[in-house]
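Q: I am new to this structure and would like to learn how to read it. Please take me through it feature by feature.

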Amino acid sequence: MSTVANTPTRSWPPRGAALLGWAVLAAVGVVLLLAPLIFDLFWLSQILTQALWLGIAAVSLTFLYRYGGMTSLAQVAIYGIAGFAMGNVVHTINSEGGLNLGWTPWLGVVFGIVVAVLLGLLFGAIASRSYGIYFLMITLALSLFVFYFFGQVTQLSGFGGIRSVSRPGYLGDPITHPSPLYYTCLGCSVAVYLLLRYMVRTPFGIALQGIRDDPGRMSSLGYHVALHRALAFALGAFVASIAGVLSVWFNTQISPGSINIQQTIAVLIIAVIGGLSRLEGAWIGALAYALIDYYARQHTPTLGLWLNPGRFATIIGVVFLLIVLLSPDGLIGIGTRVWALVTRRGREAEPGTAAAAPTAEATLEKAGTMATGGPPSSGRQEA
Amino acid sequence: MAVAAQSAESAEPILRLRGVGRRFGGLRAVDGVDLQIRRGDRRAILGPNGAGKTTLFNVIAGEFPPTDGTIDLFGTDVTHSPARHRAKMGLARTYQQSRVLLGLSVEDNIYLAALGVRTGHTFPFRSRKRDAPLRARAREAAREVGLERRVGAMVSELSHGERRQLSIGMARVAQPQLMMLDEPAAGLSRAERVTLTELLLALPEDVTLLLIEHDMDVALRVANWVTMMHDGRVIVEGTPAEIRANETVHELYLGKRHYGD
């Protein structure tokens with residue numbers, strides 16, 4: 001990792017802080033590994049497992065934004081393609097929905113991912129010559145296209161979805177025994193995270209960041225900018241397709257409703273709430289989203305017409321607004337500031353310098369101006 | 001030195017523009033420009049603001065195609081080929097505003113400039129074997145432009161002058177045959193200009209230099225041939241001494257005639 005990771009490790013001489021960092025990481029690791037022993041079934045399934053696969057969907061967006069300067073609204077459509085492709089070819093227990101070709105689950109996974117990556121490459125090729133708001137609109141259009149396609153071509157989507165999509169045997173019943181699926185999602189999350197961290201320091205990844213900063217300059221240095229962006233988009237599609245497979249296993253079904261515009265916005269919100277400056281933000285945002293989802297439905301008071309337990313969208317909207325206004329870098333930004341206070345790194349913890357490395361901020365602001373419609377940048381300017 | 005560089009005149013020009021024009025709507029930014037650059041030339045393009053110098057640069061580098069005329073680069077017609085092809089053929093350029101990659105380190109910037117003219121842009125693995133020579137070249141280029149202490153720094157932290165140095169380092173590391181610099185001295189202090197001039201004078205003799213420069217001292221010291229542009233056209237060409245003495249040039253830059261100098 002270039003910007004974000006380098007600076008802290010190099011400019012943090014205090015041993016105590018590094019030690020604390022490793023301790024926190026170890027604690028999180030232990031909790032995640034022992035989660036089935038710590039949390040009840042509901043928490044394990046509805047909060048943690050859901051947060052993990054939603055995080056994978058969101059990190060595909062975080063990656064494209066953070067390293068490619070692309071705010072894609074097509075990630076949900078792509079994971080839907082993977083889910084539907086898999087759902088159609090594998091055996092479904094009641095054969096009402098989809099083609100029900102009776103393939104084995106693992107063959108279905110491979111097919112779903114391959115189809116999603118190929119279409120992702122096609123989508124990327126279509127969108128790769130556009131920037132900022134135009135890129136956003138093209139990916140939104142593609143997203144709606146996929147949603148309506150599956151909504152109307154009922155041969156492929158069943159009436160109201162493909163139900164009881166068969167899973168690999170080891171997963172068992174994710175409702176009564178959520179642990180296998182939980183560990184699957186955890187393993188996939190770690191693998192995706194490591195893959196993306198690795199990719200951004202390969203020649204491909206460094207050039208992608210160059211293209212994020214100045215596509216015209218990269219073109220004059222000899223790079224095929226559109227091809228590069230399309231390939232990056234395909235990598236994002238690969239990550240999203242993994243989330244698609246996991247979401248089908250998690251829900252045991254897939255329907256056009258699960259890839260609608262609300263879900264598209266939800267993944268965008270998750271990425272922004274978590275913080276776009278670091279890949280980890282996607283999972284943090286997804287956890288926050290799952291928690292707000294659950295607790296808002298449980299504990300929201302009824303205030304006449306204004307508020308009631310059904311108003312999850314209102315609550316998440318307000319939270320989104322607050323986070324965007326208070327910390328443009330999401331929960332990661334808040335975390336970085338707290339961390340700076342704890343480790344006394346930014347002694348005064350000025351609001352301008354606290355969040356991540358200044359360089360990461362400068363990058364984000366640049367990217368923020370490119371990707372109109374992405375998170376509003378605060379107008380702070382690093383010299 | 002200037003004479004030595006001129007000696008290759010029998011050779012075929014490495015850049016030849018024939019009747020090149022570029023219109024933006026009704027504006028003729030560049031109009032009927034003929035230009036021949038030979039290997040080893042040190043050519044400065046002068047002219048007041050709005051003369052079409054940068055547009056001419058953009059057309060030569062392939063930012064956008066000309067609306068009229070043809071461009072031959074190293075003997076090949078590149079009129080409609082994209083910028084990246086010209087970069088790989090051996091053309092490197094800098095920009096009026098240093099366009100450097102703000103989210104990456106100095107070394108990564110130069111590394112990308114070195115990688116750009118090679119293959120393997122989309123290589124998805126880390127390979128020390130592949131990268132070590134390029135990284136070494138990048139650090140070497142950083143040293144050549146005086147940024148050896150800043151190789152690890154993020155480009156967003158560099159000063160204006162350092163970004164200019166970096167731009168030139170990025171152009172050099174690609175080992176271009178033709179280097180195009182758009183106002184490299186703009187915004188530099190006097191000391192930085194001296195450094196820049198020395199840097200340009202120290203370029204290998206077979207590197208061809210095409211230079212836009214407002215600073216007459218830099219331009220006329222580095223160049224051995226000067227092309228003067230005005231309103232999109234070439235109006236005068238000559239040696240620095242001729243240009244210095246030329247009446248039209250004085251008129252354009254100073255706005256009035258100096259009779260009886």
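Predicted model: local features only at pLDDT ≥ 70, side-chain atom pairs only at ≥ 80, totals over all residues.

Q: How many helices and strands are in chain A?
A: Helices (H or I, at least four residues) and strands (E, at least two) are DSSP runs, numbered from the N terminus. Chain A has 18 helices and zero strands.

Q: What percentage of the residues in chain A is buried?
A: A residue is buried under 20% relative accessible area, exposed over 50% and partly exposed in between (1.4 Å probe, protein chains only). Of the 383 residues in chain A, 54% are buried.

Q: How is the interface of chain B and chain A described by contacts and by buried area?
A: The size of an interface is often given as the accessible area lost when the parts come together. Here that loss is summed over both parts (1.4 Å probe), and a contact means heavy atoms within 4.5 Å. Chain B and chain A bury about 2,800 Å² between them, with 58% of it on carbon and sulfur atoms. In contact are 32 residues of chain B and 33 residues of chain A.

Q: How many salt bridges are there between chain B and chain A?
A: A salt bridge is a side-chain nitrogen of Lys or Arg within 4 Å of a carboxyl oxygen of Asp or Glu. There are two between these chains. In one of the salt bridges, Arg201(A) meets Asp108(B) at 2.9 Å, N to O. On the side of chain B that touches chain A, helices H3 (83-89), H4 (106-116) and H5 (128-144) of chain B each supply at least two residues. H4(B) gives the most, with six residues.

Q: Which residues are linked with Asp108(B) in a network of salt bridges?
A: The network links Arg201(A), Glu107(B), Asp108(B), Arg135(B) and Arg139(B). Within chain B, Arg135(B) and Asp108(B) form a salt bridge with their closest N and O atoms 2.8 Å apart. Arg135(B) lies in helix H5 and Asp108(B) in helix H4 of chain B, so this pair ties together parts 27 residues apart in sequence. Arg135(B) is buried at 13% relative accessibility, and Asp108(B) is buried at 3%.

Q: Where is Asp31(B), and where is Arg233(B)?
A: Asp31(B) is in strand E2 and Arg233(B) in strand E10 of chain B, 202 residues apart. A salt bridge joins the two, with the closest N and O atoms 3.2 Å apart. Asp31(B) is buried at 16% relative accessibility, whereas Arg233(B) is partly exposed at 44%.

Q: What is the phi of Glu183(B), and is this residue buried or exposed?
A: Most residues other than glycine have a negative phi. Glu183(B), although not a glycine, has a positive phi of about 45 degrees. Glu183(B) is buried, with a relative accessible area of 8%, and is found in the loop between strand E7 (178-182) and helix H7 (190-201) of chain B. Asp231(B) also has a positive phi, of about 50 degrees, but Asp231(B) is exposed at 54% relative accessibility.

Technical notes. Residues numbered from 1 in each chain as written. Chains lettered and ligands numbered in written order. Heavy atoms only, no water. Buried area = accessible area lost by both parts, 1.4 Å probe.
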